[in-house]
Amino acid sequence: MTTYLRYRDDLEQPRADEERDIDRIIAVLRTNNERAFRKYKRGLRDAHAKSHGILRGELTVHAGLRPELAQGMFARPATYPVIARLSSTSGAIRSDQLRGVRGLGIKVLGVHGPRALPDDDATTQDFIMVTHREFLFADAHAYLTKGMPTAWVLARLPDTALRVGSDLMAALDTHVLRRLGKGVPPNLAVFVAPNTHILGETFYTSAPLRHGDYVAKLLYAPVSPEVVALQGRPIPTSAGVNAHQNSVIDFFANHGATYELRAQLCTNVTSMPIEDATVDWPETESAHQTVATLRFDRQDPYTPQRRAYGDEVLSFNSWRGLDAHRPLGSINRLKKRVYEASSNYRHDVGNAPRIEPRDATELPP
C-alpha cells in the first residue's frame, strides 16, 4: 500500500523576498494590461485572453472512492453543474495557427463548505488547467527573473515569427539570450509543440493543491471515443485564424464529450516538491486516479452571448473554491495576487459586472 503525504500548514516554505517579487510581477503585468487596452479598446486577461468555447456541462463525483481520494468536494458522490472556458494562454489575441499552450478553466457550481479565501462567499470551485504537465518556472522568483523577460519577447514578436517552431526558437535565442544570460530553457519547448485539436488535449493543474487531508495535482483527460479520436490530430493550416474556435463549434454541433478528472496524490516532498513547480511528479510513485467524470452534451459553445459572458463577465481563479482544495506553493501564491489584479483591471475598464454564477442557467444559451 502506498503511503500518501498528509497535509500540514508547514509544507509551504516561501522565500523571504517572495512578496516583493510578486509586487514587481504585478507592476509589469499592469503595463501589459494597459497596452492591451489601448490596442483592443477593451480589457483583456493578461493570460488566456482568447477563448475558443464556453461550455455547459456536469461533473459527477464517483462513488466508492478510497478514503484518501474521497476528500473535499469529492468526499461524497454528487453531480454538479459546470461552466468551462477553453483558451490559449497568451495575453494577446493571436491566430490559432500559432503553436503554444492551451488553457482550460473549470467552474463547478453549488459547492458548499469553508472557503480558501476568508472574504469569498461564492459557491463555486474553480480549477485552472493548462496543457503542460509541469509549470515552466519553479517559483515566483524564477518567473520574475526568467519568465518575465521571455513573456516580454513573446508579446512583441509578430505572428509570422511565432508560426513556425524554428523561427520561434531562433527569435528566442536572439532576444531572450541577452536577458537570461544563457540559451533557451528546455521548458520553452511547450511553445513549439505540435498544434493539435484542443478537444483532444490533456490538461493539468501543473502546481499542487490541497486535497483535503492530502496534497495532489489534477489531470483532465478525454475518454469518450469522439474526443479520444482527436488526440494528436493536427490543426490544418487551411483552418484559419480561429481554427480552435471553429473546431469546437463544429464538434459540439454533432457530438457530446466525456472527460475524466484524475488526482495524483503526493507521497513525499523530496520527489514531489511543493515549492518547485517544474519537477515532474513520477507516476511510478503515485499514479493519477479518477475521482470524477465531466460530461458536455451537444450545444453551441460560442454564441455571441456566451462569448461575451465568458470573456467579459466570468473570471476564473484557482483560489476561488474550498479551503480543502487550496492551491499550494509559490506559483499558486503568485497566481492568487496576479489573477485578482488582472481581473480587477479588466472588469473596471470594461465596466463589466463581476458575477459568480450560482446556477447553470445564468450561462446564456
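Reader: By class, what does the lining of the second largest cavity have?

Author: This is a predicted model, in which local features need pLDDT of at least 70 and side-chain atom pairs count only at pLDDT 80 or more, while totals for chains, interfaces and linings use all residues. Residues are numbered from 1 along each chain as its sequence is written, and side-chain values use heavy atoms, with hydrogens and water left out. A cavity is a set of points, on a 1 Å grid over the protein atoms alone, where a 1.4 Å probe fits but cannot get out, and lining residues have an atom within 4 Å of a point. Ala, Val, Leu, Ile, Met, Phe, Trp, Tyr, Cys and Pro count as nonpolar, Asp, Glu, Lys and Arg as charged, and the others, Gly among them, as polar. By these classes the lining has 6 nonpolar, 5 polar and 2 charged residues.

Reader: Which element gives the most to the lining of the second largest cavity?

Author: Among the 13 lining residues, Ile 128 and Asn 332 are two of those nearest the centre. Strands (E, at least two residues) and helices (H or I, at least four) are DSSP runs, numbered from the N terminus. With 4 residues, the largest share comes from strand 4.

Reader: Which element gives the most to the lining of the largest cavity?

Author: The lining of the largest cavity divides into 6 nonpolar, 8 polar and 7 charged residues. The element that gives the most, with 5 residues, is helix 8.

Technical notes:
On a 1 Å grid over the protein atoms alone, a cavity is a set of points where a 1.4 Å probe fits but cannot get out, and a pocket is an open set with protein on both sides within 12 Å along at least five of seven lines; lining residues have an atom within 4 Å of a point.
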